[in-house]
Amino acid sequence: MTAGPTAPRPVPEEGPAPSGRRAWLRDHSELGVSVLLLALGVLVLTDALAMDVDISQRGPVGPRTVPLVIGAGLLVVALLLAVDVLRGGRGEAEGGEDIDLDEPADLRTVLLLVGVFLATAVLIEPVGFPIAGALLFWGTAYALGSRRVDRDPLIAAVLALFTYVVFNNLLGVPLPGGPLMGVL
């Protein structure tokens, strides 16, 4: 069986095509994602292996297991992506994408989200996770456009308390309780 001729890659009509090294970098830009995944995998593995784990405190699956699996997975994905890109593989844009790339970014929303995350980082120790988490969930909902002041604070409080109880009580990951420490 013979394969038919392959269609040539279309050249963009936005001016002259880049040449040489610049063209190669443009055609292989997904390698940047591969390098990022590789660096993240090395970071996760390094942190996991540097954990100080007392042998008497761990169960059948220690605290290093999940980070080691995730770090190794990141390295494998980085390698597979690099091989695919170097062999000519290329990601395709989604057909259903409804983002207009010509529109500027909504800077107000981005700044609100950054402010909410920074406020949570500052407040988590003095007021505890349940209160800081509720502010995080509520502030994020507000920044993303929800203006339901009758239900958003209640949902945020329930999510924050649920998250606190699951991590602190069920998983054994201590989170700061703040003034609610004696109540929860």
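Is D150 buried or exposed? D150 is exposed, because its relative accessible area is 56%. Exposed means over 50% relative accessible area, buried means under 20%, and partly exposed lies in between (1.4 Å probe, protein chains only).

Some background. This is a predicted model, where local features need pLDDT of at least 70, side-chain atom pairs count only at pLDDT 80 or more, and totals for chains, interfaces and linings use all residues. Residues are numbered from 1 along each chain as its sequence is written, and side-chain values use heavy atoms, with hydrogens and water left out.

Back to D150. Its partner is R148, in a salt bridge with the closest N and O atoms 3.1 Å apart. A salt bridge here is a side-chain nitrogen of Lys or Arg within 4 Å of a carboxyl oxygen of Asp or Glu. R148 is partly exposed, at 39%.

How many salt bridges does the whole structure hold? Two. One of them joins R151 and D152, at 3.5 Å from N to O. R151 is partly exposed at 38%. D152 is buried, because its relative accessible area is 9%.

Now the nonpolar side. L107, V110, L111, V114 and L118 make a nonpolar surface patch of about 480 Å². Patches take residues with over 30% relative accessible area and no salt bridge; nonpolar side chains (Val, Leu, Ile, Met, Phe, Trp, Tyr) are joined within 5 Å, like charges within 9 Å. Areas come from the Shrake-Rupley method with a 1.4 Å probe, and for residues only the protein chains shown count as cover.

Take V114. It sits in helix α4, residues 107–127. Helices are DSSP runs (H or I, at least four residues), numbered from the N terminus. V114 counts as partly exposed, because its relative accessibility is 40%.

Notes:
Helices (H or I, at least four residues) and strands (E, at least two) are DSSP runs, numbered from the N terminus.
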